[in-house]
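This report describes selected features of a protein model.

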Amino acid sequence: MTVIGERVARTDGQAKVSGEAVYGVDHEEPGMIWGALLRSPVSSGLVTRLDTAPALAMPGVHAVVTAADAPDAYAGWVLRDQRLFASDRVRFEGQPVAAVAADSLAQARAAAAAIGLDIEPLPAVVDLRQATSPDAPLVHPDWASYVPTAGPDFPRHGNVAAECVADPPGVDEAFARAHRVITDEYVAQRQYQAYIEPKSAVGIYRGGRYTVHTAHQFPFNVRDRVAQFLDVRPSAVRVVGHTIGGGFGAKLDASLEPYAALLSRAAGGLAVKLVNTRTEDLLSCPSREGAITRIRSAVDADGTVLARELEVVADNGAHSGEMPWLAAIALHCARGVYRGGPTRVISRLVYTNTTPTGAFRGVNGTYLYHAVERHMDHIAAELGLDRREYRLRLLFADGEELLNGQVLHDAGILRRGFDALEARAPWAELQAGKRPYRGIGIAAAWWLTNPGPGSAVVSLREDGTAAVVTAANDNGSGAVALGVTQIVAERLGIPPADVFVTLPDTDVSGYDGGSQGSRTTRAVGGAALIAADEVVDKLKDVASALLEAAPEDLEVADATVRVKGAPGTSVPIALVAATALNTVGPIQGTGSFVTPFPDFNPGCASGLLFPSFPTPTYHVHIAEVEVDPVTGTVRVLRYLVAQEVGRMISPDGTYGQVSGAVAQGIGYALHESLRIGADGRYRERTLESYRLPLACDVPRVEFVALEHPDPDGPFGAKGVAEGPVLLPAAVIANAVCDAIGRPLDNIPITPEEVLAAIQS
């Protein structure tokens with residue numbers, strides 16, 4: 001049986017399409033009551049009055065909690081800069097000030113609204129350019145007292161929450177002798193993950209421990225954050241995962257979980273459920289951050305990049321989450337996938353009085369590659385060079401040494417990507433076929449597969465099926481329901497439908513690094529493959545007595561253990577498993593998997609919290625667009641992707657992830673934006689006003705999978721899902737600018753900006 005690379009049904013598909021799947025928002029407990037949060041209506045201010053007496057007097061109310069009722073503890077993924085409730089000061093609109101538990105949701109919300117809250121407004125830090133000015137108010141006057149959650153401290157000061165700086169010798173000298181210096185500035189707005197299922201949690205406090213039910217991408221991270229906020233050991237918190245209705249990175253850190261847990265304790269151990277309204281979800285979600293990217297290059301007459309300087313100012317919001325790690329990613333993307341001279345990189349993450357930002361598929365790679373690839377088009381235009389040929393001339397090759405000292409041994413795949421798209425859509429024909437207000441864009445990227453650790457236990461049941469126990473959760477990508485399932489099925493020689501993967505439970509499962517960064521199929525699949533290998537070895541040991549053959553002469557295939565070269569001499573694995581119960585005990589295997597960071601030069605930059613890119617993949621995209629000169633609207637006519645995938649485990653899962661990423665990228669490029677007013681409040685507050693792309697806005701993606709098996713991945717697998725979101729903004733922006741003959745430097749590209757550019 002060979003299921004690797006084959007189209008198979010998702011093991012969770014039937015339950016999801018039939019409505020049988022129990023999502024986190026569906027979960028209920030016997031005797032459960034409801035919770036609601038009172039959130040700050042302003043982005044910056046001093047709390048002058050907080051009166052909970054009216055709420056406590058309302059019918060059905062079991063508990064009201066504020067900062068006075070929570071431990072005086074600071075929490076954070078990277079830096080402990082956040083308390084559970086605002087106490088004397090609020091730092092963003094939507095920050096929780098109090099929480100209520102009552103018999104019904106309506107009663108809880110009414111009681112929360114009855115709490116007396118007065119806030120004296122303070123000037124809000126909103127503008128990224130002004131946040132680091134000497135006279136800017138400090139979002140955290142006591143920033144110096146915050147401590148890292150683990151490891152040494154990192155560069156930060158005032159409103160700069162994290163900073164990564166690389167300043168190699170020779171940059172200024174190269175600019176001084178350059179034939180031309182080309183400078184650009186690009187602005188990207190925030191992007192909301194817009195998952196279908198809003199965030200929810202059920203908290204239970206019993207027997208001195210907290211149990212939290214949640215639909216979450218990273219259950220162990222929730223466990224750790226709840227423990228930090230409530231000032232208990234991680235072992236005092238159990239997190240039970242449920243089916244996720246989408247996450248895209250927004251469900252990697254704690255949200256409602258610690259409030260549900262604290263309310264349960266205050267309510268005498270009753271289970272308490274919290275569910276965000278869509279507006280609450282949007283206002284509090286850790287969206288993709290806004291950023292300003294300034295880039296200038298010193299170039300020779302033929303376009304050789306003698307030196308470059310890239311400066312990024314990114315919006316951290318009011319608290320840090322995982323964002324300090326991401327400041328260093330600018331170093332890895334500053335040259336894109338093109339050779340160049342010494343490169344100065346200054347990347348700052350700044351505090352503002354806005355909702356904390358966080359992970360969204362591709363994190364800051366989306367706007368970094370937008371900047372680099374728009375800049376490449378600008379250089380080519382200034383020097384009269386063909387955009388594709390210019391990229392090919394500077395393209396990374398095997399053995400390329402990067403700014404951090406990491407060496408790419410397989411970067412030659414990039415040229416395969418360009419060649420693959422050339423075969424599908426010859427560049428000369430695309431150019432020759434252009435009509436007025438039609439344009440073509442091209443771009444390329446490299447990206448990592450997140451290296452977080454994974455673990456799995458594979459148990460063979462007496463009926464020949466297999467159970468996989470892991471804390472990995474399928475957030476909709478199919479990484480578990482297809483990838484991990486197919487890997488185990490392949491190794492044990494059974495149909496994928498006979499592999500059952502449990503939902504996460506931190507009391508039962510080994511540690512897992514979360515559903516993020518395209519890591520699950522590779523890391524959890526790798527752990528599951530190691531565990532399945534152990535199962536196979538045990539099957540052979542037990543079957544050797546049944547078949548009167550040495551274990552090394554046996555193989556496991558087609559749901560049997562058989563003698564090599566004599567497939568007729570076999571025994572079903574179900575019989576072997578049943579026999580083992582009375583001889584050696586149940587057959588199971590365990591596996592752990594982690595990817596080390598590639599070698600790098602630790603002295604190449606300060607603040608290098610994300611030092612290198614493990615298990616890189618390579619990507620080339622082309623887009624063709626049409627601009628309506630009357631309305632300014634942009635239509636994507638054609639979209640092509642060539643992507644290295646390692647070895648493709650699931651064709652359907654791979655294509656689905658590429659298509660979904662491109663759809664999100666089209667939204668980022670043309671439609672979606674969380675605009676922030678001068679008061680620090682979002683202008684878009686519902687999905688009605690937040691413009692998501694529709695089905696008619698997304699063409700069918702033409703996809704070429706570039707297989708290049710990774711020797712360390714399970715059956716050669718690499719990450720797939722995150723990389724394809726990196727380039728849509730870049731290629732679409734390049735295509736639109738090609739169509740109208742004018743530069744557009746903001747994301748998203750709005751009809752108003754297109755019309756203004758045409759009219760100029």
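## Packing of helices 11 and 12

Helix 11 (residues 365-383) and helix 12 have axes that come within 9 Å and cross at roughly 110°. The two helices, helix 11 and helix 12, are therefore roughly perpendicular to each other, since angles of 65 to 115 degrees count as such. The model discussed here is a predicted one.

On the side of helix 11, the meeting residues are Glu373, Met376, Asp377, Ile379 and Ala380, and on the side of helix 12 they are Arg387, Tyr390, Arg391 and Leu394. By class, the residues of this contact between helix 11 and helix 12 comprise five nonpolar, no polar and four charged.

## Packing of helices 12 and 13

Two packed helices are described by the angle between their axes and the distance between the axes. For helix 12 (residues 387-394) and helix 13 (residues 413-424), the angle is about 155° and the axes are 11 Å apart. This angle makes helix 12 roughly antiparallel to helix 13, because angles over 145 degrees are counted in that way. The crossing of helix 12 and helix 13 is left-handed.

Helix 12 contributes Arg388, Arg391 and Leu392 to the contact, while helix 13 contributes Arg415, Phe418, Asp419 and Glu422. The residues of the contact of helix 12 with helix 13 are two nonpolar, no polar and five charged.

## Nonpolar cores

How many residues does the largest nonpolar core have? The largest nonpolar core has 127 residues, and those with the most contacts inside it are Leu310, Trp447, Ile732 and Val736. Helix 19 (residues 728-740) gives the most to this core, namely ten residues. A second, separate core has 38 residues, among them Ala456, Val480, Ala531 and Val556.

Ile732 can be examined in more detail. When its neighbours within four places in sequence are left aside, Ile732 is in contact with Ala623, Val625, Val636, Tyr639, Ile666, Ala669 and Leu670.

## Backbone features in loops

Most residues other than glycine have a negative phi, and most peptide bonds are trans. Ala194, a residue other than glycine, has a positive phi, near 55°. Ala194 is found in the loop between strand 10 (180-188) and strand 11 (200-206). Is Ala194 buried or exposed? Its relative accessible area is 18%, so Ala194 is buried, the limit being under 20%.

Asp558 also is a residue other than glycine with a positive phi, in this case near 50°. The loop between strand 24 (554-557) and strand 25 (560-563) holds Asp558. Asp558 has 40% relative accessibility and therefore counts as partly exposed. A further backbone feature is the cis peptide bond that joins Ile747 and Pro748, with omega about 0°. Pro748 is found in the loop between strand 31 (746-747) and helix 20 (751-759).

Ser287 is found in the loop between helix 8 (278-284) and strand 15 (291-299). With a relative accessible area of 0%, Ser287 is buried.

Which residues does Ser287 touch, not counting residues up to four places away in sequence? Ser287 touches Arg190, Gln191, Tyr192 and Gln193, together with Pro356, Thr357 and Gly358, and also Leu674 and Tyr682.

How values were computed. Residues are numbered from 1 along each chain as its sequence is written. This is a predicted model: local features need pLDDT of at least 70, side-chain atom pairs count only at pLDDT 80 or more; totals for chains, interfaces and linings use all residues. Side-chain values use heavy atoms; hydrogens and water are left out. A nonpolar core is a set of buried Ala, Val, Leu, Ile, Met, Phe, Trp, Tyr and Cys residues joined through side-chain atoms within 4.5 Å. Buried means under 20% relative accessible area, exposed over 50%, partly exposed in between (1.4 Å probe, protein chains only). Helices (H or I, at least four residues) and strands (E, at least two) are DSSP runs, numbered from the N terminus. Contact means heavy atoms within 4.5 Å. Axes are lines fitted to C-alpha atoms, for helices over the stretch in contact, and angles run from 0 to 180 degrees between N-to-C directions. Angles under 35 degrees count as roughly parallel, over 145 as roughly antiparallel, 65 to 115 as roughly perpendicular and the rest as oblique. A crossing is left-handed if the near helix is turned anticlockwise from the far one by less than a right angle, and right-handed if clockwise. Ala, Val, Leu, Ile, Met, Phe, Trp, Tyr, Cys and Pro count as nonpolar, Asp, Glu, Lys and Arg as charged, and the others, Gly among them, as polar.
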